[in-house]
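Reader: I am new to this structure. Please take me closely through one part of it, and then show me what the other elements do.

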Amino acid sequence: MEKNKPVVVGIGELLWDVLPTGKRAGGAPINFVYHATQMGAEGYAISAVGNDLSGTEIVQELDKNHISTSLGNVEYPTGSVMVELKDGIPTYTIIEGVAWDHIPLTNESIDLVKKADAICYDTLALRSQVSRETILSLLSYAREDALRFFDINIRQSYYSKELIETLLHKANVFKVNDEELVLLRSMCDLEGSDEEVCRKMLHKYNLKYVILTAGADFSSINSPKISLLFPHQRLRLPIR
């Protein structure tokens, strides 16, 4: 590891998004690592792949993007998600019983988490008992000063109030989108404006930041002291 670079680790699903236009490597925690790596961080993915061509190809894709790995090789197929677009809105069919449902706990992955400056995880990868136990155990090794990003990433029925609150208590940064916030409002009896709800969550779960995104419209960053809103400007191409 290069000491002059922050170490960013993504723990969770590693999969192929199978789109109408072809397949792309994905998984929310690994996407987080990809963007951090593009900005100069030293990125690592902790997950699992199968002993199959899809697993070989996805490792090659990570290598190509300068993302190092701590991956279990397990006797389950490499993960995939079928993505369909309906009126421009994606719908997901997430295949079950795949490699990232069986992420092993290894000394290598523990050492990575201990050294990490930032760690990203979500709810989806905890849908299975094996990966749930591994990820919760790994999070217990995170440094006190490390940024622990919980990207809620609600998909299908792979979440519960108990799981969300468990992961919130492990985090110091929470990322949620506007649709997920609607669900949290009813699930956790949160009232008020979006900003008020974000600030309630900051204090309830002792978070450093709550990041709210709303697609192409805006993003906001909320901390105990300030709230910043970033309207997204739509790109306008010159007319020829």
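**A pair of helices and the strands of the model**

Author: In this predicted model, helix H4 passes helix H5 in a left-handed crossing. H4 spans residues 129-139 and H5 spans residues 161-170; their axes come within 10 Å and cross at roughly 25°. Since that angle is under 35 degrees, H4 counts as roughly parallel to H5. On the side of H4, the contact is made by Arg132, Leu136 and Leu139, and H5 contributes Leu163, Thr166, Leu167 and Lys170. In general, two packed helices are described by the angle between their axes together with the distance between those axes.

Strand E4 covers residues 42-50 and is mostly covered, with 9 of its 9 residues buried.

Strand E1, residues 7-11, runs parallel to E4 and is joined to it by 5 bridges. Within the pairing of these strands, Val9 stands opposite Tyr44 of E4. Strand E5, residues 67-74, also pairs with E4 in the parallel sense, here over 8 bridges. There, Ala45 has Thr69 of E5 as its bridge partner. Between E4 and E5 comes a helix: E4, helix H2 (residues 53-64) and E5 make a right-handed β-α-β unit.

E2 and E3 belong to an open sheet of 4 strands, in the order E3-E2-E6-E7, with mixed pairing. Strand E3 (22-26) and strand E7 (89-94) stand at the edges of the sheet; each has a single partner strand, so one side of each is left without a neighbour in the sheet. From one strand to the next, the twist averages 30°.

Strand E6, residues 79-86, pairs with E7 in the antiparallel sense over 6 bridges. One of the residues involved is Glu84, whose bridge partner in E7 is Thr91.

Technical notes:
Residues are numbered from 1 along each chain as its sequence is written. This is a predicted model: local features need pLDDT of at least 70, side-chain atom pairs count only at pLDDT 80 or more; totals for chains, interfaces and linings use all residues. Side-chain values use heavy atoms; hydrogens and water are left out. Buried means under 20% relative accessible area, exposed over 50%, partly exposed in between (1.4 Å probe, protein chains only). Helices (H or I, at least four residues) and strands (E, at least two) are DSSP runs, numbered from the N terminus. Two strands pair if DSSP finds at least two bridges between them. A crossover is right-handed if, with the strands pointing away from the viewer, the path from the first strand over the helix to the second runs clockwise. Axes are lines fitted to C-alpha atoms, for helices over the stretch in contact, and angles run from 0 to 180 degrees between N-to-C directions. Angles under 35 degrees count as roughly parallel, over 145 as roughly antiparallel, 65 to 115 as roughly perpendicular and the rest as oblique. A crossing is left-handed if the near helix is turned anticlockwise from the far one by less than a right angle, and right-handed if clockwise. Contact means heavy atoms within 4.5 Å.
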